Amino acid sequence: MNTSPAQLASALVSAAVRQMPGVVELGRQFELAGFELALVGGSVRDIVLDRPVADLDFTTNATPDQIIAALQPWADSVWDVGIAFGTVGARRGALSAEITTYRAEVYDSGSRKPEVAFGDSLEGDLLRRDFTINALYATPEGDVFDYFDGLSDLKAGHVRFVGDPATRIREDYLRILRLFRFHAWYGRGALDADAFQAAVANKSGLKSLSGERVQKEILKLLAAPDPIP
């Protein structure tokens, strides 16, 4: 019997979640409040790769006010990470997490100043994410779902945009630098040809980014195990 990539990933994430009982508790807290909750993005990716998980990021159909209300009976502390962007932080014991409302973003000509619109579906939230390897999600029990074949890309070391690369870059020109940074950390071989072509064609957009954002992204790239290539 063949085991699918999602089944293998689910086994890994389920095992990791068993070492973090607060994750399951958090999922139950949101379920009791009548909301969905999913572990998403880099948290899932790094567990699948057996890398240290620096941050636990969740997404939900609850609005920021509803997130706070759901968390208050459970968390030791709750704080505003970025209410305008739908993100709330919470801590219970050793577990620290950020929970963000499903979103759909309308970017202002790639300047990284999005007009945020809250979404109503997980799939819609994942469609706005930049790379397939960042669009993985898991239930609080550890079941992994993969709309865009990100698990296969992760295994192949293939950093690929969700949707049309040029469109995604023009939404946010920082994604050009993120392409190189994520390839440095997770890629193997040559850059994705379509992504690289779109990055070259839109490179003038980098001038619209702040120096602070560029510096932050370059420093993250340089922190990769072998950034020189």
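Here is a friendly set of numbered notes on the structure above.

1. A word on the model itself. The structure is predicted, so local features are described only at pLDDT of at least 70 and side-chain atom pairs only at pLDDT 80 or more, while totals for chains, interfaces and linings use all residues. Residues are numbered from 1 along each chain as its sequence is written, and side-chain values use heavy atoms, with hydrogens and water left out.

2. Start with R168, which sits in helix α7 (residues 165-171). Helices here are DSSP runs of H or I with at least four residues, strands are runs of E with at least two, and both are numbered from the N terminus. Is R168 buried or exposed? R168 counts as buried because its relative accessibility is 6%; buried means under 20% relative accessible area, exposed means over 50%, and partly exposed lies in between, using a 1.4 Å probe and protein chains only.

3. Now look at what the side chain of R168 reaches. The backbone oxygen of R129 is 3.0 Å from it, and the backbone oxygen of V162 lies 2.9 Å from a polar atom of that side chain. Both are polar contacts, a term for a pair of N or O atoms within 3.5 Å; within protein, one must be able to donate a hydrogen and the other to accept it, and residues adjacent in sequence count only if both atoms are side-chain atoms. Beyond four places in sequence, R168 touches L127, R128, R129, F161, V162 and R175, where contact means heavy atoms within 4.5 Å.

4. A135 is placed in the loop between α5 (122-127) and β8 (136-138), and it counts as buried because its relative accessible area is 1%. Leaving out residues up to four places away in sequence, A135 touches L126, R129, F148 and V162.

5. Which of its residues are buried? They are A195, A198 and A199. These residues are on the same side of α9 because they cover an arc of only 100° around the axis; the arc is that of the directions from the helix axis to the C-beta atoms. On the other side, A193, D194, Q197 and A201 are exposed. The cover over the buried residues of α9 includes α7 and α8. At the start of α9, a side-chain oxygen of D192 comes to within 3.2 Å of the backbone nitrogen of D194.

6. T100 is in strand β5 (residues 95-101) and counts as buried because its relative accessibility is 14%. I83 is in the loop between β3 (77-82) and β4 (87-92) and counts as partly exposed, at 30% relative accessibility. Its contacts outside four places in sequence are P64, I68, V88 and F118.

7. Two backbone angles deserve a look. Most residues other than glycine have a negative phi, and most peptide bonds are trans. D50 has a positive phi near 60°; it lies in the loop between α3 (42-48) and β2 (56-60) and is exposed, at 73% relative accessibility. D149 also has a positive phi, about 60°; it lies in the loop between β9 (144-146) and α6 (150-156) and is partly exposed, with a relative accessible area of 42%.

8. Finally, which residues line the second largest pocket? The lining consists of F180, H183, A184, G187, G189, L191, L221, P225, D226, P227 and P229. Helix α8 (residues 174-186) gives the largest share, 3 residues. A pocket is an open set of points on a 1 Å grid over the protein atoms alone, where a 1.4 Å probe fits, with protein on both sides within 12 Å along at least five of seven lines; lining residues have an atom within 4 Å of a point.
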